[in-house]
There are 2 protein chains.
Amino acid sequence: MNIANIGEFGLIRKIKKIVGKPKNNVFLGIGDDAAAVKVRSQKSEVRSKYMLLTTDTLVENVHFDLRYSKFYELGWKLMAINISDVAAMGGMPKYALVTLGLKKNMKEKDILDLYRGMKAIANKFGVSVIGGDIVSSPKTLFFTLDMIGDCAKPVKRSGARAGDMILAFEKFGGSSAGLKELKKFGRKKMSQNAKSHLMPVPMVKNGLKASKYATAMIDNSDGLARCLIEICAASKVGAEIFEADIPLAKGATLNDALDGGEDYNLVLTASPSKVKLLKGAKVIGRVTRGKKIVLISGDGRKKMMARKGFEHF
Amino acid sequence: MNIANIGEFGLIRKIKKIVGKPKNNVFLGIGDDAAAVKVRSQKSEVRSKYMLLTTDTLVENVHFDLRYSKFYELGWKLMAINISDVAAMGGMPKYALVTLGLKKNMKEKDILDLYRGMKAIANKFGVSVIGGDIVSSPKTLFFTLDMIGDCAKPVKRSGARAGDMILAFEKFGGSSAGLKELKKFGRKKMSQNAKSHLMPVPMVKNGLKASKYATAMIDNSDGLARCLIEICAASKVGAEIFEADIPLAKGATLNDALDGGEDYNLVLTASPSKVKLLKGAKVIGRVTRGKKIVLISGDGRKKMMARKGFEHF
């Protein structure tokens with residue numbers, strides 16, 4: 001079997017079987033935005049506390065293109081997408097390890113700019129870069145960041161219940177629309193969407209706020225369709241989404257919103273009674289019994305959502 | 001300036017300047033085998049406790065060659081070299097995140113074998129694989145592992161003092177000699193050295209034992225010369241090494257020991273009064289004032305060690 005046939009998510013399922021059930025106070029292993037480890041017992045502390053661990057990688061010509069991405073922006077984005085994973089657990093980011101896979105002919109200035117971009121957003125969110133690794137990678141430039149954060153209680157993907165409302169912070173599709181512009185016009189015409197593609201801003205405050213009430217939460221890295229598929233699969237529920245209620249970024253299409261990804265806003269579920277407490281979040285649908293994810297258009301027609309979101313193979 | 005000119009260690013110095021002094025209870029940032037974060041205060045606990053964080057990457061045709069490395073062995077090695085970094089701090093490994101940068105045409109079985117190899121050594125050392133990331137990397141296969149461990153008190157590279165003895169656990173040069181054999185004969189003639197190159201065993205117990213007495217410690221990933229250069233630079237001391245006392249693996253040369261690396265044994269310094277407590281470790285030299293690293297041959301002749309160890313560019 002070739003991995004292109006089984007796909008990323010099939011592969012992860014098989015890996016989980018080999019890896020087995022984790023020990024050592026692991027609260028949450030493979031399969032969420034971040035892993036969570038219990039670091040203080042409830043006996044000695046007022047609130048239990050969890051360490052969050054996550055990692056994300058950017059590979060040249062897969063996740064970025066040096067024709068329109070600057071190194072400062074790549075550093076920013078590498079840090080931002082990892083912070084976003086911690087935000088999606090309701091956590092605060094703390095420490096980062098950075099791995100650089102570098103070609104031989106690279107300019108020192110470019111690498112330092114990468115760190116300057118990382119540092120700029122790290123400062124905003126109180127993150128310290130504390131280590132990493134530099135290796136030679138003659139054919140492919142890549143960057144990996146590992147993020148350690150903490151939280152009072154992780155918001156998993158698996159907690160959504162039939163009857164919950166589905167909410168979203170901020171708009172969808174902007175990053176996807178921005179990427180299309182960059183591919184077409186390069187950096188000449190730099191719209192807000194293009195900027196949000198190159199330098200996304202993760203939603204740590206919203207994640208923290210939502211963590212008090214959310215039954216499930218995920219960050220939108222691979223499109224709204226993938227967010228819903230992940231939450232529904234993990235929670236063993238279905239969903240109805242009201243097409244007209246999906247907040248679209250200016251210039252973005254419904255397809256950008258559903259399949260585009262890289263918006264790094266947050267999608268969450270919460271009991272209807274908590275909706276008014278989630279200020280700034282917009283209701284876009286509701287959690288249903290069963291497994292179906294249904295998109296309801298403005299005129300009431302229903303479409304089954306069979307989209308796979310962005311798979312990496 | 002091109003990074004090939006400035007080199008890995010020069011680049012790290014410049015990155016450290018940009019990154020700045022870390023906050024958030026960071027005890028040890030960039031520049032040691034692992035970073036260390038204080039997780040419990042001495043007020044509330046009998047012993048202070050530190051979280052250790054480290055990451056290491058294997059890149060195809062840089063760190064491994066699929067003509068003589070099997071995926072099971074690569075998984076083992078990826079896990080082993082990260083455990084070794086934790087061992088070199090006097091710590092216990094706990095959690096791992098794994099990033100796979102995969103080509104499209106890969107076989108599922110190979111990836112699962114990689115995890116089987118990781119799991120085999122993870123089980124020996126009580127490590128749980130709790131997360132990671134899978135990305136497409138069309139031209140270059142790479143694997144990154146991030147390791148989280150803990151310890152009572154990290155043994156830094158910077159604690160060596162003039163007058164300390166330099167000790168080593170286990171033999172040097174075996175991995176380098178084994179790699180030469182693999183390049184020459186492939187897997188036909190599989191010596192102990194070749195096996196130790198493909199599946200090194202990290203020294204967690206020795207590291208833990210040594211951590212009570214060691215003033216500085218490092219794992220031998222890049223050769224004995226590089227170990228001494230790193231400890232001496234961090235501790236602002238020099239060293240005298242007695243050539244005849246360097247324990248060589250059977251079939252290994254002095255050059256294998258000094259420059260080969262990948263033995264993943266431990267090099268440490270300790271006060272002369274502690275030497276007899278460090279059972280199993282062999283004295284190979286002593287720490288001196290000044291900056292010189294001197295190799296003393298059997299007939300008393302002195303050679304300045306100007307070797308750079310293995311640099312990645």
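Predicted model: local features only at pLDDT ≥ 70, side-chain atom pairs only at ≥ 80, totals over all residues.
Reader: What is the radius of gyration of chain A, and what would a compact globule have?

Author: Happy to start there. The C-alpha atoms of chain A fill a box of roughly 55 × 55 × 45 Å along the principal axes. For 313 residues, a compact globule would have a radius of gyration near 20 Å, and chain A agrees with that at 19 Å.

Reader: How many helices and strands are there in chain A, and what percentage of its residues count as buried?

Author: Let us take the secondary structure and then the burial. Chain A has 8 helices and 13 strands. Among contacts in chain A with a separation of 6 or more, 81% are between residues 24 or more positions apart. As for burial, the share of the 313 residues of chain A that count as buried is 60%.

Reader: How much area is buried between chain A and chain B, and what percentage of it do carbon and sulfur atoms give?

Author: Good place to look next. In this interface, 70 residues of chain A are in contact with 70 residues of chain B. The area buried between the two chains is about 6000 Å², and the part given by carbon and sulfur atoms is 65%.

Reader: Which side chains meet in a salt bridge at 3.3 Å, N to O?

Author: The count of salt bridges between chain A and chain B is 2. In one of them, at 3.3 Å from N to O, the partners are the side chains of Lys14(B) and Glu108(A).

Reader: Which element gives the largest share of the side of chain A that touches chain B?

Author: Across the interface of chain A and chain B, 9 residue pairs are in polar contact, both residues being at pLDDT 80 or more. Several elements of chain A give two or more residues to the side that touches chain B, including β3 (49-59), β4 (92-102), α3 (108-125) and α1 (3-19). The largest share, 10 residues, comes from α1(A).

Reader: How many nonpolar, polar and charged residues has the side of chain A that touches chain B?

Author: Sorted by class, the side of chain A that touches chain B has 15 charged residues, 19 polar ones and 36 nonpolar ones.

Reader: Which backbone oxygen does the side chain of Arg157(A) reach at 3.3 Å?

Author: Gly31(A) is among the residues that Arg157(A) touches. At 3.3 Å, the side chain of Arg157(A) reaches the backbone oxygen of Gly31(A).

Reader: Is Asp299(A) buried or exposed?

Author: This residue sits in the loop between β12 (293-296) and β13 (302-304) of chain A. Its side chain makes polar contacts with the side chains of Ser297(A) at 2.6 Å and Arg301(A) at 3.2 Å. Because its relative accessible area is 52%, Asp299(A) is exposed.

Reader: What is the relative accessible area of Asn123(B)?

Author: Asn123(B) has its place in helix α3 (residues 108-125) of chain B. The C-alpha atoms of Asn123(B) and Pro247(B), which are 124 residues apart along the chain, are separated by 30 Å. Asn123(B) is partly exposed, and its relative accessible area is 43%.

Key: Residues numbered from 1 in each chain as written. Chains lettered and ligands numbered in written order. Heavy atoms only, no water. Contact = heavy atoms within 4.5 Å. Buried area = accessible area lost by both parts, 1.4 Å probe. Salt bridge = Lys/Arg side-chain N within 4 Å of Asp/Glu carboxyl O. Polar contact = N/O pair within 3.5 Å; in protein donor to acceptor, adjacent residues only side chain to side chain. Helix = DSSP H or I, 4+ residues; strand = E, 2+ residues; numbered from the N terminus. Nonpolar A, V, L, I, M, F, W, Y, C, P; charged D, E, K, R; others polar. Buried < 20%, exposed > 50% of the residue type's maximum accessible area, 1.4 Å probe, protein only. Rg over C-alpha atoms; globule rule 2.2 N^0.38 Å. Lists of a residue's contacts leave out its neighbours within four places in sequence.
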